[in-house]
Amino acid sequence: MSDTPASRPRTGGSGRRVSRRRAVELLYEAAQRAADPMELVRDRVGAVGIDPIPDYTLALVEGVTAHRTRIDELLAEHAQGWSLERMPPVDLAVLRVGLYELLWAADVPDPVAIDEAVGLSRELSTDDSPRFVNGVLGRIGTIADRLRSVL
């Protein structure tokens, strides 16, 4: 197979946007069911009647799950006046995906990680959520290079 733009797997743009949204939905559902997100994914992969899970969605859910303790520590530290328990569950799922991309996804520029998370919160949550998500990730974004150096 030749290596032309048409023959390469689609990994950017709206393909990634759909993958991010699907990751947020899976993380949200797992939280609502008090289930392991990876178990939920395993149950869905290859299931009849369920849309296939994109590779980038899998990477996001795996990454958030693997780094969840550190992600939650950083969110709790930088979400001024908010505990994780008080955050709307959708916002928390969006923040977890956004923070994972911000700190661990080397191929995603910091502004893109933040903008995509804000966009997801605009689509999936309350009118106040985009400002909240932007504030939390923006604060972490200012120290992202330092945080990445100690991960």
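Author: Start with a term. Buried means under 20% relative accessible area. This is a predicted model. Of its 151 residues, 43% count as buried.

Reader: What makes the pattern of the chain α-α-α-α-α-α-α-α?

Author: Count the elements. The chain has 8 helices and 0 strands. Read along the sequence, they give α-α-α-α-α-α-α-α.

Reader: How do you know that the radius of gyration agrees with a compact globule?

Author: Set the value against the rule. The rule is 2.2 Å times the number of residues to the power 0.38. For 151 residues it gives a radius near 15 Å. The chain has 15 Å, so the value agrees with a compact globule.

Reader: What makes a set of residues a nonpolar core?

Author: Its members are buried residues such as Leu and Ile, joined through side-chain atoms within 4.5 Å. The largest such core here has 44 residues. Leu75, Leu95, Leu99, Leu102 and Ile140 have the most contacts inside it. Each of the helices, from helix 1 (13-33) to helix 8 (144-150), supplies at least two residues of this core. Helix 5 gives the most, with 10 residues.

Reader: Which residues is Ile140 in contact with, leaving aside its neighbours within four places in sequence?

Author: Contact means heavy atoms within 4.5 Å. By that test, Ile140 is in contact with Leu74, Leu75, His78, Leu99, Leu102 and Leu147.

Reader: How many contacts join residues at least 24 apart?

Author: Take contacts between residues at least 6 apart in sequence. Of these, 69% join residues at least 24 apart.

Terms used: Residues numbered from 1 in each chain as written. Predicted model: local features only at pLDDT ≥ 70, side-chain atom pairs only at ≥ 80, totals over all residues. Heavy atoms only, no water. Helix = DSSP H or I, 4+ residues; strand = E, 2+ residues; numbered from the N terminus. Buried < 20%, exposed > 50% of the residue type's maximum accessible area, 1.4 Å probe, protein only.
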